[in-house]
Amino acid sequence: MKAILDALGIKWDSVVGRAWLAEVGRQHGYAHRHGLEHPSPVDEKLLTRVERLEVAFDAVLDRFDARYCAMADRLEALAATREPTKEHARQLRQEFPQDYLTLELFFDRLEGAAWLRPLQQKKFFTAPPGPVVDSDAGTITFPPWPASAYLVRVAAVDPIAVLDIASNIPGSDNPRVNLDLVEVALLVPASKFQRLVPRAVEALRRPYVIGEERYAQLARRCADHGQADDAIELMTALLDVDPQTHEASIDDYAYAEILQEHNVAFTRSLGVGWLEMLASLLDRSLGRDGLQAGRPGGEDLSRTWFAALENRPGSPHADLPALLTAAVRDSAEQLAEDGEVGLDAVLVLLGAYPWLVFRRLRLYLLERHGSQLPDVVQNLLTDPSCIQDRYLAREWMRLARAHAGNLPPVARGALLSAISAGPDDAWKMRYLTPGENEDLSADRLEIWTGLWRRDRYAAAESILTDEMRQQYEELCERFGSATSLDDVPENFRFYGPPSSSVTAGELSALNPVDLVARVSAWTPSETWSGTDAESFAAEFRSAVASQALTFSAQADLFGILSDEHLATVLGGFFDAAQNGVPVDWPPLCRLANAAVVRTGREHSNEVHRQAALMLLSGLSHLGNPIPAELSDSVWQSISSLVETPSPAVPRSLVDDDQQRLWSEAREAALRAAVAWACWRYRQGMDYSRFFNSLDIILSEVLPAPQRGGMTVATVIGSLINQLHTLDPIWVRSHLTLLSNTDPFGKIAWKAYLSSAQPTQSVAPLLLDTYRAAARTPISADSDYHRAALQRRLGEHLLSLYLRSQVELHDEQSPLAEYYSVSSAEIAQELAGSLGAAIQNNDLSEDTILRLQQWWDWRVANAADMLKRDQKSPFREELLTFIGPLVSSGSFSRQWRLGQLEKVFCTVGTFGRDPRIFKFLAAACETIAGPVMEFLKDWVLTLDSSDWTPRLQEAYLRTVLLTGLGTPDLRDLAEDIINRAAARGHRQFRPLLVT
């Protein structure tokens with residue numbers, strides 16, 4: 001005891017020394033009772049003794065922390081012993097802590113195998129650490145084991161001793177330990193590693209696995225040295241698919257990497273046994289979507305997740321069935337190419353499974369290697385059930401394209417006759433079944449039958465008779481070229497629209513006259529997945545935008561186009577104007593006037609919407625504005641759009657899309673009307689026509705707001721600030737539009753919160769509305785919109801507070817009421833928004849003072865919440881704001897450090913924001929002492945798993961070097977370095993010698 005006290009610099013006669021020495025030799029008596037007497041009572045005497053010991057232990061451990069680097073020096077000296085003995089291992093066991101950090105440092109310093117036997121004798125390899133489960137946090141960690149890592153390093157030096165030790169290590173659920181044993185097996189000589197293979201298989205069947213690739217490398221080593229059964233057993237355990245969940249134990253990415261890296265090698269070394277394992281795994285994986293193998297045709301949806309078998313899986317993160325299908329395909333094809341296993345044996349193996357993908361794989365292999373089995377190919381090409389099988393259509397047609405020319409005459413005739421006969425009745429019933437209340441029209445039947453025959457004629461083109469070739473050409477002329485067998489089938493291409501038959505580049509190269517003629521004559525192409533109208537519209541719009549100045553000069557020409565194409569043209573000009581591309585506005589305004597009179601047709605509303613958006617962009621974009629002399633013409637178009645009546649039939653009978661398009665068109669027109677008024681305002685021109693029109697609209701919609709009123713409410717709410725600029729008196733007289741609790745008022749208020757900023761002129765007029773809103777949680781269509789509106793309300797209220805328009809603690813202040821009904825997540829988001837705002841260093845003194853008051857209030861609130869619940873989510877509000885706060889130059893360094901300390905004391909951490917550590921490094925220039933004291937308190941909370949010291953090492957080094965270079969702070973800096981090293985952060989130890 002005295003030696004320990006001397007080593008730690010604690011005097012024997014100090015309070016701590018006396019307390020500890022007083023217990024020497026007495027603990028045995030405390031721990032055991034005499035005979036069968038009752039245990040010692042838990043009385044004041046016992047409690048005093050325990051308290052005295054706790055004080056002594058705290059002091060001893062604290063002094064140990066402060067001298068950790070000295071202990072580390074002694075430990076490194078022990079590790080450097082060249083010929084260690086059992087006595088040296090005893091010293092390690094008895095004279096040093098047995099915690100992870102100490103043992104990690106020791107084993108990391110060992111350079112040779114001399115320590116193996118002494119450490120084995122002292123049982124340093126018998127207790128691997130298990131997983132560490134934190135039930136409260138819901139986490140699990142896997143601590144490394146320094147002892148097994150040492151075995152890996154010296155496995156090649158003394159393989160016999162290492163294998164002897166490794167073979168006797170108890171089984172563990174810690175995947176780090178298990179991976180180290182695999183590394184040992186990969187390093188020891190080939191004649192000896194098999195001893196560890198059963199341990200690897202066992203490890204793969206435990207709950208947790210890491211380093212999957214190393215297990216695959218071990219299996220490769222088994223296969224390369226003739227241990228086929230061991231290799232199969234290892235890979236089966238690694239890639240196994242649960243028969244209940246149909247999932248693998250490793251993630252799909254690792255699965256893909258392993259198959260891609262090792263499939264070829266395993267096929268060569270393990271042959272058909274490897275293919276059989278892969279096929280079995282694929283079979284088990286196919287039930288993951290609830291599919292049953294007995295479905296018609298063995299349907300497994302493989303035509304969706306692996307549409308073209310000749311391609312790679314559809315994504316680098318493809319799911320399990322796709323990964324295994326590719327592996328089975330490649331392995332089977334390699335076996336067929338090598339010739340060691342006959343193609344017929346491979347086909348028999350695949351034929352044992354009922355799923356569609358195996359049938360498709362059989363045809364795929366025959367397409368490439370059918371010359372080995374011509375009779376099988378002939379049977380499949382002439383089998384009516386294969387010809388009519390929709391599930392196998394693509395693979396069958398590719399097989400026909402590759403091998404129809406090799407068929408004997410009789411088989412050719414049978415194949416062509418079957419194609420000429422067309423799809424059978426069963427095919428028609430299965431694939432042309434009409435929808436509910438729909439008849440199977442003759443036209444539809446004729447189209448699909450023609451497409452079916454065209455594609456199969458294309459596959460067998462090399463053997464067509466002259467008559468059949470003429471029929472094929474007629475079908476191509478009518479329906480277009482046959483579906484390509486070399487591309488992914490269109491109906492599986494991300495479910496998107498078909499590609500356009502014309503590109504934007506081709507259209508933009510035409511002059512306006514030819515462009516109008518080309519578009520007018522264009523008709524959509526029929527494909528398996530619909531027409532290409534949508535894609536053509538996108539190309540056309542892009543072409544107009546790219547040549548906007550040229551095309552706008554003759555915009556009147558586009559007036560003859562259909563509504564659908566005219567809407568596309570207007571959209572293209574809108575894109576150009578919005579992006580600042582010059583356009584010729586007079587012809588465009590005439591085109592807009594022509595567009596607004598188109599009413600009552602399917603695409604009229606979309607034409608109106610695009611016309612309004614185009615005009616809106618010209619009125620709002622200062623870089624490319626509409627000329628002032630066009631003002632009356634523009635108003636004529638806008639007013640016509642604004643006054644377009646809603647559909648005349650009751651809302652419940654109106655088609656949803658048409659009603660939506662009408663609402664969107666009216667909203668765009670109203671926004672354009674406001675932009676027109678603002679445009680006139682900037683030019684000093686009269687804009688009273690706008691308010692006259694707006695009053696008329698309000699008189700129409702307020703009695704029945706559901707008939708278009710919601711659109712008006714949205715525009716008024718979102719543009720109330722602009723309206724106030726135009727006419728403050730009008731806005732004051734219509735404020736109830738935003739404050740009423742009727743549907744119109746609610747929509748207008750939500751639009752105001754969502755889109756408008758709380759200005760100095762308008763926001764004070766709405767204080768009563770703000771107060772009412774702060775007391776009542778906002779309703780919305782979804783939780784997401786509700787949270788967004790609640791956050792926006794908070795941003796408005798904070799803005800009002802910082803401008804001294806509301807107070808924190810007023811009886812009528814809405815801010816406190818707002819926070820009382822808002823969630824911790826909302827409070828955190830507000831803290832983030834405010835944090836971004838205070839990065840501006842030009843804050844006024846009044847704003848700074850109010851920010852400080854708000855911050856003190858929020859810290860006090862969080863402290864109160866954390867007293868009730870240490871896990872209160874309100875802690876995140878402080879952690880979100882403290883980084884921006886300390887990085888803002890608007891506050892003194894001393895005050896910012898004080899707030900950092902306040903958060904640290906309240907929450908127990910201050911987060912990992914790098915701006916905090918940058919601040920600490922900068923603050924050392926003027927307040928190094930307080931910064932160092934704070935840093936010491938923080939270091940005491942670290943553990944070895946915390947990455948923050950490593951991530952912020954540069955800033956921390958700056959602080960520590962400042963302390964080491966300041967005589968009054970050197971001892972404190974050394975103390976911090978020692979305590980950091982004692983917690984696993986030894987990267988600062990070298991600073992002690994500088």
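**Helix pairs and cavities**

Helices H14 and H15 run roughly antiparallel to each other, because their axes cross at roughly 160° and angles over 145° count as roughly antiparallel. This is a predicted model. H14 spans residues 228-239 and H15 spans residues 252-270, and their axes come within 13 Å. The handedness of this crossing is left-handed. On the H14 side, the contact is made by Ala 228, Ala 231, Ile 232, Met 235, Leu 238 and Leu 239. They meet Tyr 255, Ile 258, Leu 259, Phe 266 and Leu 270 of H15. Sorted by class, that contact comes out as eleven nonpolar residues, with no polar and no charged ones.

A second pair to look at is H19 (residues 343-351) with H20 (residues 356-369), which pack at an angle of about 165° with axes 9 Å apart. That angle makes H19 roughly antiparallel to H20, and the crossing is left-handed. From H19, the residues in contact are Leu 343, Val 346, Leu 347, Val 348, Leu 350 and Gly 351. Across from them, H20 brings in Phe 358, Leu 361, Arg 362, Leu 365, Leu 366 and His 369.

Next come the cavities. Searching the whole structure turns up six of them with 30 Å³ or more. By class, the lining of the largest cavity splits into eight nonpolar, three polar and three charged residues.

The second largest cavity has a volume of about 60 Å³. Around it sit Leu 935, Trp 938, Val 939, Leu 942, Pro 949, Leu 956, Leu 960, Ile 976, Ala 980 and Phe 988. Helices H50 (914-939), H52 (953-964) and H53 (970-982) are the elements that give two or more residues to this lining. H50 gives the most, with three residues. The lining of the second largest cavity is made up of ten nonpolar residues, with no polar and no charged ones, while the lining of the largest cavity includes three polar and three charged residues.

Note on methods
Residues numbered from 1 in each chain as written. Predicted model: local features only at pLDDT ≥ 70, side-chain atom pairs only at ≥ 80, totals over all residues. Heavy atoms only, no water. Axes fitted to C-alpha atoms, helices over the stretch in contact; angles between N-to-C directions. Helix = DSSP H or I, 4+ residues; strand = E, 2+ residues; numbered from the N terminus. Parallel < 35°, antiparallel > 145°, perpendicular 65-115°, else oblique. Left-handed = near helix turned anticlockwise from the far one by under 90°. Contact = heavy atoms within 4.5 Å. Nonpolar A, V, L, I, M, F, W, Y, C, P; charged D, E, K, R; others polar. 1 Å grid on protein atoms, 1.4 Å probe; cavity = no way out; pocket = protein on both sides within 12 Å on 5 of 7 lines; lining within 4 Å. Points joined across faces, edges and corners; volume = space filled by probe spheres on them.
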